[in-house]
Each structure stands twice: as structure tokens, then as C-alpha cells.
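Q: I have a model open and want to learn to read it feature by feature. Could we go through it together?

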Amino acid sequence: MATETTLILFKPDAVSKNLVGTVLSRFEKEGFKIRGLKMMSLSDEILAEHYAHIADKPFFPEVRGFMQETPVIAMALEGDDVIAKVRDLLGPTDSKEAAPGTIRGDFGDKGGEAKMRNVCHASDGPETAAAEIRRFFHEGEIH
Ligand code: ADP
């Protein structure tokens, strides 16, 4: 087992529905450790970088608008195999396809925006995790 750090964003749906504490407690119950935590508004520039892999999709402008509805909460979370385990805890991108008991299954949108309003972002691999932590945190903000 590898000790890793992943980057999580509590998206504006989590912030506006007061779900941050509930979701964060699921991560803490797994024994993962918070290494960085902050609230921030996301610029067009950081979102273009973060979502470069979907920038050419027709839904990208809607996703950008969604991610700017409120500030997000960014978190660096450390633990054994935390990257894959947090992806499992979240469930798939489409909240309607996410099983009950997963974060997206329990708290994601169940209507027409189920693919977009899915509570949290989490890094999908060690390289993206390292790049995403650098993207959202300054060196002195990781403890
Ligand atoms: P994930 O966040 O599960 O890794 P992606 O990297 O594929 O998923 O997509 C980034 C984000 O873009 C998703 O979390 C979601 O908010 C949004 N998104 C993805 N696909 C769609 C879609 N078909 N329609 C609307 N929003 C989408």
C-alpha cells in the first residue's frame, strides 16, 4: 500500500447544500488525514487548466459556470491508496448511476444535471494528484 495525497474539491452544490461537513466526515472515518484545506473562488484560467480534458466538450461552459456559482473548498487528503479509495467513495461521474452509499449516489443531483452536480472532484491518479495539489495550493499551505 502506498501513502498518497489526493486533491478534493467540494463543488458549489456541496457548499450551497451544506454538505461539506457530512462528506468530509466520510473521508475522516476512513482514517484519511487532512494536509491542506481552504475556500477559494475559481477563475476562468484555473478552470480551463483543471478541466483541460473536457474543454472541447459542448457542456464545458456550463461546468465552468457551475464551478463559479459559489467558492469551492479545496482539500489535500493523505492516506494509504487514498486516490483510488476516494474515487470509490465518490462513485461514478453520473450521480444517477452512483450506488446508494456512495457520496454521489447519496448527495448528487438526481435530475437533469446528475452528470454535472456531483458533489466533489477527486484526482484520478498519482500524476494528476500531484499536478492538482500544485494547482490549488501554495507550498506553505500543505502541512
Ligand atoms: P470526474 O469528475 O468524475 O473525473 P470528468 O473528469 O469526466 O469526471 O468530468 C469533469 C466534470 O465535468 C464532472 O465531474 C462533471 O461535473 C462534469 N461533467 C462530466 N461529464 C458531463 C456531462 N456529460 N454533462 C455535464 N457535465 C459533465
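Q: Let's start with a side-chain contact: which side chain does the side chain of N118 make a polar contact with?
A: A polar contact is a pair of N or O atoms within 3.5 Å; within protein, one must be able to donate a hydrogen and the other to accept it, and residues adjacent in sequence count only if both atoms are side-chain atoms. Here the partner is the side chain of K11, at 2.7 Å. The side chain of N118 also has a polar atom 3.4 Å from the backbone oxygen of K115. Before we go on: this is a predicted model, where local features need pLDDT of at least 70, side-chain atom pairs count only at pLDDT 80 or more, and totals for chains, interfaces and linings use all residues. Residues are numbered from 1 along each chain as its sequence is written, and side-chain values use heavy atoms, with hydrogens and water left out.

Q: Is N118 buried or exposed?
A: Go by relative accessible area: buried is under 20%, exposed is over 50%, and partly exposed is in between (1.4 Å probe, protein chains only). N118 has 2%, so it counts as buried. It is found in the loop between α6 (103–107) and β4 (120–122); helices (H or I, at least four residues) and strands (E, at least two) are DSSP runs, numbered from the N terminus. Contact means heavy atoms within 4.5 Å, and, not counting residues up to four places away in sequence, N118 touches K11, D13, T93, S95 and R104.

Q: How many residues does the largest nonpolar core have?
A: The general idea is that in soluble globular proteins, nonpolar side chains tend to be buried together. A nonpolar core is a set of buried Ala, Val, Leu, Ile, Met, Phe, Trp, Tyr and Cys residues joined through side-chain atoms within 4.5 Å. The largest one here has 23 residues, and those with the most contacts inside it are I8, F10, V23, F27, L77 and V86. Elements that each supply at least two of its residues include β1 (3–10), α2 (20–29) and α5 (82–90). There's also a second, separate core of 19 residues, with F60, M67, V72 and F136 among them.

Q: And what does V20 touch, leaving out residues up to four places away in sequence?
A: V20 touches F10, A14, V15 and I73. V20 is found in helix α2, and at 17% relative accessibility it counts as buried. The C-alpha atoms of V20 and I73 are separated by 8.3 Å, though the two are 53 residues apart along the chain.

Q: Which residues lie nearest the centre of the largest pocket?
A: They are K11, Y51, H53, I54 and T93, out of 24 lining residues. Elements that each supply at least two lining residues are α4 (60–67), β4 and α7 (126–136). About 550 Å³ of space lies in this pocket.

Q: What is the phi of D81?
A: Most residues other than glycine have a negative phi. D81 is not a glycine, yet has a positive phi of about 50 degrees. D81 is found in the loop between β3 (72–80) and α5, and at 26% relative accessibility it counts as partly exposed. V119 also has a positive phi, near 75 degrees, but V119 is buried, with a relative accessible area of 0%.

Technical notes. On a 1 Å grid over the protein atoms alone, a cavity is a set of points where a 1.4 Å probe fits but cannot get out, and a pocket is an open set with protein on both sides within 12 Å along at least five of seven lines; lining residues have an atom within 4 Å of a point. Grid points are joined across faces, edges and corners, and a volume is the space filled by probe spheres set on the points.
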